Amino acid sequence: MLYDFGRNQAQANAQVERVIAAEYELVREGYSVFEDVSGAYFELLRRDALLKVAVTNEIEYAMHLKQAEDRLAAGEAQRLDVARAKLDLSQAKETVIAASNAVVTTGAELMKALGIDASRGTREEVYPLPGDTLSAVMRGFADTHYDVDSAFALARTNAPAMAIARARFRSADHAVDRAIADLMPDVSAEVGLSWADPLWAWHWGVNAVQSVFQGFRKVTAVDRAVVALQSAAATVDETEQQLSLDLETAIAVRDNA
C-alpha cells in the first residue's frame, strides 16, 4: 500500500474514541454504584429514625388513651374523647407497622446495592444499625453554595455522560472520513522474484485500482455515516439538556433541604 487516502488513520481514530467512550462508561458505572449504595444507606438511617418516632408516638397515644379512660371514669370526659384516643392509637400502631416494613424493605435495597444476597447473611448481620439514628448525622461532602449556571459550566466539561456523548460524536466524525476515503482508488506497489531454470526473473509494478461500479455501495456508506454523525450530534445536545435538568433538580433539593 503506497497511499490509503487516510483510511487507516480515520479507522484508528474512530476506534480510539470508542475506547475512550468505553472507559468513561466504566467511570459512570462507578458513580452509579456509589449513588445506589450511599442512597440506600442514608435512606435506611432515615427509615430507622422514622420507626423510632413512630414507636414513641404509639407510646404517647397509649398514654393519652389511658388518661382519657381515667377521666371518663372520673366523670371529667366523654365517651367521644375515649373513642378519639382509641382511633389515634390505632393509627399510630398502623404507622409503626408501615415504618417497620419500610426499614426491612430499605435494608433489602441496601443489601442489593452492596451485591449481597440472603444466603450470605441478613442485613442485621452484615450492617447492624447504630443505636441512635435520630442523633447520628454522617455525610462525606461539605456544604455547597454554587448555583445552576456555575454547576452546569463545570459539569459540561467533566461529567462522564458528556464525555461519552462527545467521544461517540468524534468517533462518528472519523467514520465519515473513513467512508469518504473509501471512495478513492487503491494505490499499491508490488515486486516479485521467481526462478525458472536456468534464469532468474523478477518483476515490479505500481497499481491504482478504482472500482467503477459497486451498486453505489460506497456512496451509500457515506450517507449512512453522515446520518450516524447527525444522530451523535443530537445525542450530545440531548445529553446536555438532561444534565441541565438533573442539576437543576439536585440543586433545588439541596436548597429545600
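The exercises concern a predicted model.

**Exercise 1. Describe the order of elements in the protein chain and the range of its contacts.**

Solution. Begin with the inventory: the protein chain has six helices and two strands. Next, read the elements from the N terminus, which gives the order α-α-α-α-α-β-β-α. Then turn to burial, where buried residues account for 25% of the 257 residues in the chain. Finally, take the contacts between residues at least 6 apart in sequence; of these, 74% join residues at least 24 apart.

**Exercise 2. Determine how H1 is oriented relative to H2, and which kinds of residue make up their contact.**

Solution. The first step is the geometry: helix H1, residues 7-73, packs against helix H2, residues 79-114, at an angle of about 165 degrees, and their axes are 8 Å apart. Angles over 145 degrees count as roughly antiparallel, and H1 is therefore roughly antiparallel to H2.

Two pairs of residues illustrate separations in sequence and in space. Val53 is placed in helix H1 and, with a relative accessible area of 35%, is partly exposed; its C-alpha lies 9.4 Å from that of Ala99, although 46 residues separate Val53 and Ala99 in sequence. Asp81, placed in helix H2, is also partly exposed, with a relative accessible area of 30%, and its C-alpha atom is separated by 8.7 Å from that of Leu65, 16 residues away along the chain.

**Exercise 3. Locate Arg7, decide whether Arg7 is buried or exposed, and identify what its side chain approaches.**

Solution. Start with the location, which is helix H1. Then consider accessibility: the relative value for Arg7 is 7%, and buried means under 20%, so Arg7 counts as buried. Now examine the polar atoms, where one in the side chain of Arg7 lies 2.5 Å from the backbone oxygen of Met184. Last, leaving aside residues up to four places away in sequence, Arg7 touches Arg178, Ala181, Asp182, Met184, Pro185 and Asp186.

**Exercise 4. Work out how H5 and H4 are each oriented relative to H6.**

Solution. Take H5 first. The axes of helix H5, residues 160-181, and helix H6, residues 217-256, come within 8 Å and cross at roughly 165 degrees. H5 and H6 are therefore roughly antiparallel to each other, and their crossing is left-handed. Among the residues that make this contact are Ala165, Phe169 and Ala172 of H5, together with Ala225, Leu229 and Val236 of H6. The residues of the contact divide into 19 nonpolar, one polar and four charged.

Now take H4, residues 148-158, whose axis comes within 10 Å of that of H6 and crosses it at roughly 135 degrees. That angle makes H4 oblique to H6, and H4 passes H6 in a right-handed crossing. On the H4 side the contact involves Val148, Ala151, Phe152, Ala155 and Arg156, which meet Glu240, Leu243, Ser244, Leu247, Glu248 and Ile251 in H6. By class, the residues of the contact of H4 with H6 divide into seven nonpolar, one polar and three charged.

Notes:
Residues are numbered from 1 along each chain as its sequence is written. This is a predicted model: local features need pLDDT of at least 70, side-chain atom pairs count only at pLDDT 80 or more; totals for chains, interfaces and linings use all residues. Side-chain values use heavy atoms; hydrogens and water are left out. Axes are lines fitted to C-alpha atoms, for helices over the stretch in contact, and angles run from 0 to 180 degrees between N-to-C directions. Helices (H or I, at least four residues) and strands (E, at least two) are DSSP runs, numbered from the N terminus. Angles under 35 degrees count as roughly parallel, over 145 as roughly antiparallel, 65 to 115 as roughly perpendicular and the rest as oblique. Ala, Val, Leu, Ile, Met, Phe, Trp, Tyr, Cys and Pro count as nonpolar, Asp, Glu, Lys and Arg as charged, and the others, Gly among them, as polar. A crossing is left-handed if the near helix is turned anticlockwise from the far one by less than a right angle, and right-handed if clockwise. Contact means heavy atoms within 4.5 Å. Buried means under 20% relative accessible area, exposed over 50%, partly exposed in between (1.4 Å probe, protein chains only). A polar contact is a pair of N or O atoms within 3.5 Å; within protein, one must be able to donate a hydrogen and the other to accept it, and residues adjacent in sequence count only if both atoms are side-chain atoms.
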